[in-house]
Every structure is written in structure tokens, then in C-alpha cells.
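Subject: Structure handover

Hi there,

Here is the structure I promised to pass on to you. Please open it next to this email, and my notes on what turned up follow below.

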Amino acid sequence: MIRLHDTMVREKRDFVPADPNRITMYVCGPTVYGRAHIGNARPAVVFDTLARLIRHEFGAGSLTYARNVTDVEDKIIAAAEAEGVDPSVITERYERFYLDDMGALGVAPPDLAPHATQEIGGMVAMIEKLVELGNAYEAEGHVLFSVPSDPDYGALSRRDREAMVAGARVEVAPYKRDPADFVLWKPSAEGVVGWDSPWGRGRPGWHIECSAMIRAHLGETIDIHGGGLDLIFPHHENEIAQSRCAHGGAPLARYWVHNGFVDMGAEKMSKSLGNVITPAELLTQGHRGETLRLALLSAHYRQPLPWTEALVAQAKATLDGLYRKVGDAAPGSVDEGVLDALRDDLNTPLALARLGQVEDPTTLKASAALLGLLCEDRSNWFTFFAGLTLEQGRSIDQRIAERAVAKANRDFATADRIRDELKADGIVLEDGPGGTTWRKE
Ligand SMILES: [Zn+2]
């Protein structure tokens with residue numbers, strides 16, 4: 001049984017999907033106007049790991065995982081204007097970078113990646129419904145959600161009204177009936193990206209995008225809705241209000257799962273604070289994506305994760321040891337200790353500790369795969385860090401294979417000669433339970 005901490009009730013609950021054959025999970029995805037930083041990568045890695053666990057527990061085809069791409073937004077428009085290009089040039093570029101960066105961290109693409117610009121019809125339909133029901137109103141070309149029309153507003157963030165108004169940092173707008181009301185649709189000026197709507201040419205607010213895409217692709221009520229802690233208010237609160245009001249009170253999600261921040265020193269890593277490190281920079285510095293993934297999983301997902309050079313160095317050393325141990329083993333069965341740790345609200349620090357104790361290479365291989373680790377070829381790992389080309393690495397592997405054959409034939413003279421020849425090239429062989437590995441002297 002998987003247990004998940006549900007932000008709505010502030011405690012761990014048994015995860016019982018509505019339909020175990022069709023589990024639905026939605027995670028708020030990137031706004032594509034700049035390179036993702038390590039803090040942005042954390043939810044991608046965390047929910048990729050949760051998806052692996054759910055598929056292990058309920059079956060490979062049990063889960064539909066959707067992560068949206070926000071490709072219409074004011075920051076995108078500003079970036080396009082700054083470069084003098086169409087917004088699609090910006091969004092296509094940074095979506096490709098995002099997928100490359102997350103791919104390097106071993107994040108599998110989600111099953112569905114709906115794009116906001118492709119889903120305007122569904123958003124307009126939902127906004128029309130909210131207007132019709134009296135939960136939204138038009139004012140000066142804008143459509144706003146009326147927060148006082150929803151008596152249950154605020155249940156997820158548990159904020160009182162004053163904190164909500166302050167926290168929403170809502171701009172003073174004379175057309176708002178209530179300061180907490182938020183934008184569903186806004187007008188687009190001449191030359192700015194927009195779509196025709198019953199309220200004139202304009203574009204959607206950010207919050208309605210997720211509500212409409214969840215409805216279109218996964219249904220009115222999904223099993224798991226995920227994202228970073230910073231999305232609880234106002235984004236997820238607003239998603240909940242829009243969806244519940246439009247769907248006759250049906251809850252948007254049955255479990256709300258939120259990851260903590262990556263910190264730089266005493267502060268949260270964020271673009272607005274200018275203290276970001278990107279996976280792209282770290283990869284250029286010679287780190288492997290897998291090292292960064294392990295570093296991101298080294299703290300429990302709900303805890304803050306201080307990002308330091310020592311953390312990355314530790315992750316690399318851990319992987320060196322694990323790759324040495326796993327050798328070329330094929331995946332066997334999963335270790336129950338690793339599995340139990342992950343089932344308990346995705347306790348990755350405990351799962352990693354257990355993983356370090358697994359001695360059988362086939363069990364190690366299968367258990368690590370649940371965390372998205374040890375998925376690459378062992379020789380690629382060591383070749384990369386030895387500063388050798390893949391071809392040189394393959395030639396070492398070839399020599400190791402020849403030595404294994406010689407040893408099997410009890411031709412120890414040949415086996416020793418191969419070892420000595422490699423040693424003369426600075427390559428030291430190490431025989432272990434998973435076979436023979438090598439390192440540079
Ligand atoms: Zn969202």
C-alpha cells in the first residue's frame with residue numbers, strides 16, 4: 001500500500017485510486033520562456049519517481065500522467081518582444097531545452113503534455129460556464145472569478161481572507177468587484193497574441209489553463225494533483241475553485257502532493273532572486289544527469305533541499321560505488337526494503353540508504369530502477385569520468401570479456417597478461433560480485 005501526504009488534510013493517507021486500472025495524475029509543468037533551474041527540476045524528478053512507483057504497484061499501463069506546457073503567458077510575450085520574434089519561437093526553443101534537461105535527469109516524458117495554446121476552446125467553454133453559474137463576471141474586457149461566490153475557497157491553503165488578499169499580490173484593478181478575484185480571461189492589445197472569445201480578442205489567465213486541460217484529458221476528478229509548494233496559493237486554490245464550481249461541486253483532486261524548495265544558502269532558488277543553478281550549467285561542468293537526480297532525491301520531497309557542491313560530490317561518490325557493485329547485472333526482483341521506503345510517502349532518503357545495503361547485483365539493478373537510477377550502462381558511467389571516449393571504454397570492455405573467457409578456460413597466463421596490459425595503460429581491474437569493473441589509476 002502506498003501512503004501519500006495529502007496537503008488538503010495535512011496528513012499521510014493510504015493511496016486508494018478511484019480506478020486502479022486508470023489512475024490519473026496531473027503536475028503543473030513549465031512556463032517555457034527560460035532555462036529550467038535545479039529548483040524547477042525537483043518536481044519533475046519527484047513526480048517521475050512517484051509515477052515509477054505507481055506503475056510498479058498497479059501495473060505498467062495503470063497510470064495516465066499529464067504535465068502541461070504553459071506556452072502563453074506575459075513573461076513569454078515579454079521575452080518574444082525583447083528578441084523581436086514570435087512567441088512560438090521562444091516557447092518551442094525552451095520546451096525543447098526543458099525536455100533535454102529533464103531527459104538528462106532520467107525524467108521520462110509524461111503520457112500527456114497538453115499545450116495551453118492548443119486548448120483555448122476548452123478554457124473559453126469553462127469560463128462561459130462559470131459566468132453562467134454566477135461564479136465569474138465580465139468587466140472591461142476581462143473575465144474574473146468571483147471569490148466570494150465560492151464559500152469553500154481557501155480550503156487547501158487554509159488562509160484567512162486577509163492573508164489571501166495580501167498573498168495574492170493582486171494588482172489594484174478598478175474593475176474587480178472584490179480584491180481577491182482573479183483573472184480568467186484578459187484582453188490582448190493589438191499585436192499581442194490573442195484569440196477571439198465572447199469577451200473580445202484576448203488570452204487566458206494561467207489558472208484556468210490547468211482546470212480546463214485536466215477536464216479535457218483526465219476528467220472532472222483526478223487521483224493526484226502535484227506541484228511545488230509555492231503553487232498551493234494562489235494557483236492550486238484557484239484551480240480548485242474553478243473546477244469545483246464548474247463541475248457541480250466535484251472535487252478536482254483526491255490527493256494533493258507538493259514538493260519543497262531547493263535552497264541556495266538561506267534562500268529559495270528562484271529566478272526572481274537571481275540565485276539559480278541550471279542542470280544545463282552543471283552538465284557543462286562535467287556532472288552526469290544521474291548525479292543530479294540522486295542529489296535531488298537525497299532529501300525527502302517535502303523537505304527543503306539545500307543545494308551545495310558537497311551534495312553533488314556525495315551523489316557522484318554514491319553512484320560510483322553503486323555502479324561498481326551492480327556491474328552488468330540484468331534487473332531481478334525489487335528489494336522489499338527499498339519498496340517499503342518508497343511506499344511510505346516516497347521516502348527516498350531511506351530508500352537510498354536501503355539501496356546501499358543491497359548486495360545482490362540483479363536486485364540492486366531492479367531496485368535502483370524504481371528511483372530512476374543505475375539505468376545506464378556501467379561502462380558508460382566509468383568511461384565518462386575517466387575522460388575516455390566511448391570507443392576506448394568499449395575496447396576496455398572487450399579486453400575484460402576476453403579475460404573472462406580466458407579465466408573460464410583456466411588460461412590464467414592470458415588472463416594475467418590482459419590485466420597487466422591494461423594496467424600499463426593506467427586501467428585497474430576490480431573483480432566483484434557483479435563481474436569485473438575498471439577504474440583509471
Ligand atoms: Zn496548474
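The protein chain holds 16 helices and 15 strands. Please keep in mind that this is a predicted model. Along the principal axes, the C-alpha atoms of the protein chain fill a box of roughly 90 × 50 × 40 Å. Of its 441 residues, 52% are buried. If you look at contacts in the protein chain with a separation of 6 or more, 74% of them come from residues 24 or more positions apart.

The zinc site

Which protein donors does the zinc ion have? They are Cys28 (SG), Cys210 (SG), His235 (NE2) and Glu239 (OE), and they lie 2.1 to 2.2 Å from the zinc ion. Along the chain, these donors follow the spacing C-x181-C-x24-H-x3-E. Cys28 and Cys210 link distant parts of the chain, being 182 residues apart: Cys28 sits in the loop between strand S3 (23-27) and helix H1 (38-58), while Cys210 belongs to helix H6 (residues 206-217).

Why is the arrangement around the zinc ion irregular? The four donor atoms subtend angles of 79 to 129°, and a tetrahedral label would need all angles to lie between 85 and 135 degrees. For reference, the ideal angle for four tetrahedral donors is 109.5 degrees.

Are the two cysteines buried or exposed? Cys28 counts as buried because its relative accessibility is 11%, and the limit for buried is under 20%. Cys210 also counts as buried, at 0% relative accessibility.

The parallel sheet

Strand S3 also takes part in an open sheet of four strands, in the order S4-S3-S9-S10, with parallel pairing. Its edge strands are strand S4 (63-67) and S10, each of which pairs on one side only. From one strand to the next, the twist averages 20°. Within this sheet, three bridges pair S3 with strand S9 (residues 222-228) in the parallel sense, and Tyr26 stands opposite His225 in S9. Helix H7 (residues 232-246) lies across S9 and S10, and runs at about 160° to S9.

A residue worth a click is His258, which is located in strand S10 (residues 253-259). His258 is buried, as its relative accessible area is 4%.

The antiparallel sheet

There is also an open sheet of four strands with antiparallel pairing, in the order S5-S6-S7-S8. Here strand S5 (136-139) and strand S8 (202-204) are the edge strands, each pairing on one side only. Direction ignored, neighbouring strands of this sheet are turned by 20° against each other on average. Strand S7 (residues 182-187) pairs with S8 in the antiparallel sense over three bridges, and Lys186 stands opposite Arg203 in S8.

Two hairpins

Strand S1 (residues 3-6) and strand S2 (residues 11-14) run antiparallel and are joined by four bridges. Leu4 has Arg13 in S2 as its bridge partner. This hairpin has four residues between the strands, and Arg10 takes a positive phi near 60° in it.

How many bridges join S14 to S15? Six bridges connect strand S14 (residues 427-432) with strand S15 (residues 435-440), and the two run antiparallel. The bridge partner of Ile427 in S15 is Lys440. S14 and S15 form a hairpin with two residues between them, and Pro433 has its place in that loop. With 68% relative accessibility, Pro433 counts as exposed. Pro433 and Glu359 are 74 residues apart in sequence, and their C-alpha atoms are 8.4 Å apart in space.

Happy browsing, and do write back with any questions.

Best wishes

How values were computed. Residues are numbered from 1 along each chain as its sequence is written. This is a predicted model: local features need pLDDT of at least 70, side-chain atom pairs count only at pLDDT 80 or more; totals for chains, interfaces and linings use all residues. Side-chain values use heavy atoms; hydrogens and water are left out. Two strands pair if DSSP finds at least two bridges between them. Axes are lines fitted to C-alpha atoms, for helices over the stretch in contact, and angles run from 0 to 180 degrees between N-to-C directions. Donors are N, O and S atoms within 2.8 Å of the metal (3.2 Å for Na, K and Ca); water is not among the atoms, so sites may look incomplete. Four donors count as tetrahedral if all angles lie between 85 and 135 degrees; four count as square planar and six as octahedral if opposite donors are over 155 degrees apart and all others between 65 and 115; anything else is irregular. Buried means under 20% relative accessible area, exposed over 50%, partly exposed in between (1.4 Å probe, protein chains only). Contact means heavy atoms within 4.5 Å.
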